[in-house]
Amino acid sequence: MRLLVLLAALAVGLHTQAHQQKEAYTTVLFNTRSGNLEVSHRFYIHDAEHALRLLGKPADLLADENSRARFSDYVRDHFQLRDGDGGRLALHSVGHQVEGKYFWVYQEMPIPAAVKVIQVKMRALQEVWPRQINHINVDKDKRIRSVRLSAADSWKTLAVE
Amino acid sequence: MNFRALIAGASLCFALGNPVHADIVQQTKGDFVDKFRQLDEILPTPNDYRNAAGEPGKAYWQQQVDYRIEVTLDENRRRLSGTETITYHNNSPYRIKYLWLQLEQNRFKPDSAAERSVAFGGIGRRGPSTRNIEDDKPAGISLGELRRQQYYADNEIGYDISAVVDASGTPLPFTVVGSQARIDLPATLEPGGQFQFRLDFAFNILEENAVSARSGYERFPDDARKGGNDVFLLAQWFPRVAAYSDYEAWHNKEFLGRGEFTLEFGNYDVRMTVPADHIVASTGVLQNPQETLTRAQRQRLETAKTAPRPVFIVTAAEALENEKQGTRRTKTWHFKADNVRDFAWASSRKFIWDARGYTQGGAEQPLVMAMSYYPKEGGDLWKKYSTESVIHAMEVYSRFTFDYPYPVSISVNGPVGGMEYPMITFNGPRTTWHKDESRTYSLAEKRFLLGVVIHEVGHNYFPMIVNSDERQWTWMDEGLNSYLDGVAGREWDPDIPWGVEPRDVIEYMKSDVQVPIMTQSDSVLKLGPNAYAKPAVALNILREVILGRELFDFALKEYAQRWKNKRPTPSDFFRTMEESSGIDLDWFWYGWFYTTDHVDIAIDRVHRLRLDTENPDIDFDRRRQEELDKPGSLFVERNRAEGRKTWVELNRDVRDFYDKNDRFTVTNKERNEYREMLEKLKPREREALQRAVKEDKNYYVVDFSNLGGLVMPILLELTYKNGSKEDIYIPAEIWRRSPHKVSKLIVTDKRRELVSLVVDPGWETADVDVENNHYPRRIIPSRIEAFKKEKSKQPEHRDIMHDIKTEAKEPEKEVYKK
């Protein structure tokens, strides 16, 4: 029998926000100019701050760099890329940024050689609320391939040839 | 879905169909796409109920349902029980044999279609989460989901309906179908007839934080009172008669949890019996203030009517004192509300209550009482901003629609993040408690409060008054309301990032996983961008880019006023906006609402042209100059550099006619032809040519591509050599015969030479690729490149002299208190 484990403790109530969007966008850009695979994650500050609190952390994303760093770490921990053979693509952190109503988290790595497909997994906020959808756009040579990752999804594969 | 709706659905699928199928917009032969095809085949045929202008037709009708309800809140058992007398008015031209009821509390029963269809580790309902088995991790379940499951195990959920009887007390046949029920009438209800029946019901109130039901109770275990206190939010709390309309007959599509509600308008007379120390906030007007409020509270309410700032009816100190102990006594609050489509209320002994009269003037409702009810956990955030933002929302929305027609507008803080009902809204943002007993809130939380209150109060207009069907078309209320909350927000403080700018939907619109806006609510894949952001952006663009504010505002107001207290469909909205603005918008509705195309207009090339004078003495010389302007032969240049002499240079004694006259030499032959040509021109043609020659303007032909598929106006910014700029608006209709590529001639004065062009320089059209908007092309840094550049400047801003004095310390132990 497989294990059933507890997800991150949500000790406090869940506020359902009729206008809370519960969505995030990640762009994986093959930037041939810089030679880097650039990953930008976009979250609503609204969602991010509430999620941090539900995860038991104090959160003030606009005023507090610790909150920003914490959420940024959280996002990076919940996002993974693999090549077609299942080899992990090791992204490193570039930083994070508040811009208007959004919180951005940035990662990058050199574009891997001869990559034909890319596997992606994005779990951020799905343990907090199951309606969270993480939308991934992979942008190579201006051609967009997309996948919507819901709580039910594990790895998804996208062709990038 | 009835047969008629099925036909409409089928034609829609046809219109949007896969390109391999024959399609009215894109045929199987050739690549022409009729982006401007009129929507006649897609929209339902106009009729006497809904006419071709998008107005209620000459035979428009809607049903009316009146409710008289007496209900008791059992605080200890967290159970509501009551009896309702429903009067159904059949205003339709049809005979009715049965009534359908909505039993939304049954949606939360463990055996409901909604609960049974929730996938493990999947999406499907509000509330806590689960995670399916993954390659590297076992399946997961959250504490929230455990709490929900345990709550389900410990509580009976759903309605207990103990009696359904007609006016004479005779039981009526009653068939429960999931979260709906059918009542068979003893006799057919004729057009114009009425039917009255009584229904006794009870249910255990859901714990909102365990179940996520848009309503329910919230526990406050830390209060001084033994066992703590609750805030009760009651919505979808009484069995309600389903809507019956001309276009769908019974709206008996089961509640699955996402597609919200639509009901009939009616008059409500409701008595709630609650613990005597509770304060009740409700849809409607309180009928018995003498019995429910103290003299001081009544006086304060009177003062609040004309006060410049909110007045406390129950102060924070009074509420704190009140929540310290309970009572066994009860009190009955009596409210009445006329012509509303639903009824919700809240009750708690924790409530602080403030109010301020909003003098909106007009004949219908000159004074509206704006009021807020919140526990101490709402704190200063609510004291300062809730009631004020309620009033701001009404001020702005009314300007764009109609006067707010109700006597009260209420904002209540409880466990629901944001939800709307007639006259009353539930809003979640709160302060945070600290160990020194202080309460603060972040700037983000303040913005959430302002945003959510404006948004939910705005829902009074759409869909509570303009009664669109949320279960079918979420965008009709959320899209319009998101557009308007952006308008109201920017008028509150434009420095706060409000609403939805066109650039906000680019990531969504360029992706290849979408459904059109015109998709039934429960089937929409991504409700946020699909029902809120994309339609709001579309309306924003329609106003700011396509129609202009004057035409758009006139048309939207016309729509709101036509359908005030009536039931519009999407086609009524599309037709009204087009008919009252006088602009053909079928292409816009088709592209934005019926397809998943996006905007990406590129400038491919610019050709600079000069008008020939036809005068050989001028034109031949120009050709000679053009030839001279071309780079010479590298071969010849290098020969010259090597000092190599040509035969011609070495043999200067050998010369002929062609050494003196090049191929651009003009002869009388050309001059005679020119004169002859001038002679043959009609006087006005000759004048035109002479004027054009004299003016010698610059002619530019600009080639555009429509890469995204969505046709849009081309907003072109021209930059001239002298640094001046000019904006040119090319209407979307330029694409009507050539939807993929078009060229446009731009003529400028001789001295105004173009150096660059940009499409949509202000990012107003949601164009997904900015790089191809520029000519000549320019490098647009990626987001990360731009961030790195900005970041490199950042360390200077740190105050290291101050920060260096920071003492190292151990993190403090976490203490949690609500």
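This is a predicted model: local features need pLDDT of at least 70, side-chain atom pairs count only at pLDDT 80 or more; totals for chains, interfaces and linings use all residues.
Residues are numbered from 1 along each chain as its sequence is written, chains are lettered from A and ligands numbered from 1 in the order in which they are written, and side-chain values use heavy atoms, leaving out hydrogens and water.

**Exercise 1. Describe the make-up of chain A.**

Step 1. Start with the elements: chain A has two helices and 10 strands. Helices (H or I, at least four residues) and strands (E, at least two) are DSSP runs, numbered from the N terminus.

Step 2. Turn to burial, where buried means under 20% relative accessible area, exposed over 50%, and partly exposed in between (1.4 Å probe, protein chains only). Of the 161 residues in chain A, 63% are buried.

Step 3. Look at contacts (heavy atoms within 4.5 Å). Among those in chain A with a separation of 6 or more, 61% join residues 24 or more positions apart.

**Exercise 2. Find which residues of helix H2 of chain A are buried, and where they lie around the axis.**

Step 1. Locate the helix: H2 of chain A covers residues 65-77, which is 13 residues. From first C-alpha to last it reaches 18 Å, close to the expected 18 Å; the expected span is 1.5 Å times one less than the number of residues.

Step 2. List the buried residues of H2(A): A:Ser67, A:Arg68, A:Phe71, A:Ser72, A:Tyr74 and A:Val75.

Step 3. Check their directions. They cover an arc of only 160° around the axis, so they are on the same side of H2(A); the arc is that of the directions from the helix axis to the C-beta atoms.

Step 4. Name the partners. The buried residues of H2(A) pack against several elements of chain A, including helix H1 (45-54), strand E3 (36-44) and strand E4 (79-83).

**Exercise 3. Classify the ring pair B:Tyr217 and B:Phe232.**

Step 1. Recall the rule: rings of Phe, Tyr and Trp (its six-membered ring) pair if their centres lie within 6.5 Å; planes under 30 degrees apart count as stacked, over 60 as edge-to-face and the rest as tilted. Over all chains, the structure holds 51 aromatic pairs.

Step 2. Now the pair in the task: the ring centres of B:Tyr217 and B:Phe232 are 6.2 Å apart and the planes at 50°, so the pair is tilted.

Step 3. Place the residues. B:Tyr217 lies in strand E10 (residues 216-220) and B:Phe232 in strand E11 (residues 229-234) of chain B, so the pair ties together parts 15 residues apart in sequence.

Step 4. Check burial: B:Tyr217 counts as buried at 7% relative accessibility, and B:Phe232 is buried at 0%.

**Exercise 4. Which charged residue sits over the ring of A:Trp104?**

Step 1. Apply the test: NZ of Lys or CZ of Arg must be within 6 Å of the ring centre and within 35 degrees of the ring normal.

Step 2. The charged end of B:Arg783 sits over the ring of A:Trp104, 3.5 Å from its centre.
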